[in-house]
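Please examine the sequence and the structure shown below. The paragraphs that follow lead through a sheet, a pair of helices and the confidence of the model.

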Amino acid sequence: LSSPSGLTHESHKKDVEQVYLRCSEGSIEWMYPTGALIVNLRPNTSPASYKHLTVCIKPFKDSAGANIYLEKTGELKLLVRDGDRSPSKVYCFGYDQGGLFIEATPQQDISRKITGFQYELMNKEIASDLHTVSAPCRPCSDTEVLLAVCTSDFVIRGSIQDVTNQAEEQESIIHVGVNKLYRQKSKVFQLTGESGNWRGQIKTLLECGVKPGDGDFLFTGRMHFGEARLGCAPRFKDFQRMYKEAKDKGLNPCEIGPD
């Protein structure tokens with residue numbers, strides 16, 4: 001978390017400050033913005049890998065007081081306009097497309113303004129999967145499912161207890177009852193209640209039309225800004241079949257107990 005403050009140089013409203021961020025994910029909060037802020041993302045990876053990275057930012061819901069631009073060799077491209085209240089909107093761009101230039105907008109009272117956002121750096125292929133409209137809706141092939149089991153941030157066997165649709169955000173929240181937890185990167189799925197049942201939520205696009213139904217599924221997916229995003233989700237019996245077929249042929253990319 002980086003938290004610069006405009007009050008430290010209020011008398012120099014044209015000042016440009018620079019911030020260097022070394023983590024692959026985090027957040028920045030610019031309190032009382034004046035002047036401008038250049039955000040330099042310098043992850044602790046080889047510079048040769050930069051061309052394979054995508055940067056995504058998600059403004060805080062109450063972020064205000066500045067415009068956020070993508071800047072490269074002096075040219076500015078507006079990413080987020082001050083006052084844009086698009087809920088949960090994520091803005092992504094290739095690492096090699098430029099850096100972030102945040103410019104404060106004129107304010108009568110800067111003490112009431114805070115500009116902030118979360119950021120994540122990720123492999124371009126992962127970012128493409130997360131932000132391609134058709135990706136979460138298209139059924140995965142057997143090969144894609146087996147690979148997802150090996151590479152996803154979470155892998156669970158569970159059932160759909162309920163689905164909450166959020167029309168404004170164009171998303172659906174899948175309320176999942178977990179029967180078996182194979183892996184999770186973050187503690188999205190947790191024990192709840194006296195019954196000791198595991199529960200969790202997974203988000204996907206509203207247009208995918210997910211509905212509650214009977215039977216177990218194998219849910220896989222990625223963590224994105226602290227939320228579980230749906231990847232491949234075959235019916236569990238179909239996963240059992242494809243896993244056994246691949247194992248019999250020695251083609252399964254990793255071992256996981258399918259029972």
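Strand β4 (residues 53-59) and strand β9 (residues 114-123) run antiparallel and are joined by seven bridges. Strands count as paired if DSSP finds at least two bridges between them; strands (E, at least two residues) and helices (H or I, at least four) are DSSP runs numbered from the N terminus. This is a predicted model, in which local features need pLDDT of at least 70 and side-chain atom pairs count only at pLDDT 80 or more, while totals for chains, interfaces and linings use all residues. Residues are numbered from 1 along each chain as its sequence is written, and side-chain values use heavy atoms, with hydrogens and water left out.

The open sheet consists of four strands in the order β2-β9-β4-β7, with antiparallel pairing. Because β2 (25-31) and β7 (91-94) stand at the edges with a single partner strand each, one side of each has no neighbour in the sheet.

Helix α2 (residues 142-151) and helix α3 (residues 236-248) have axes that come within 10 Å and cross at roughly 90 degrees. The two helices are therefore roughly perpendicular, a term for angles of 65 to 115 degrees. In their contact (heavy atoms within 4.5 Å), Asp142, Val145, Leu146 and Val149 of α2 meet Phe239, Arg241, Met242, Tyr243, Glu245 and Ala246 of α3.

The average pLDDT, the predictor's confidence from 0 to 100, is 85 for the protein, and 88% of the residues score at least 70. Where pLDDT is low, the predicted coordinates should not be read in detail.

Technical notes:
Axes are lines fitted to C-alpha atoms, for helices over the stretch in contact, and angles run from 0 to 180 degrees between N-to-C directions. Angles under 35 degrees count as roughly parallel, over 145 as roughly antiparallel, 65 to 115 as roughly perpendicular and the rest as oblique.
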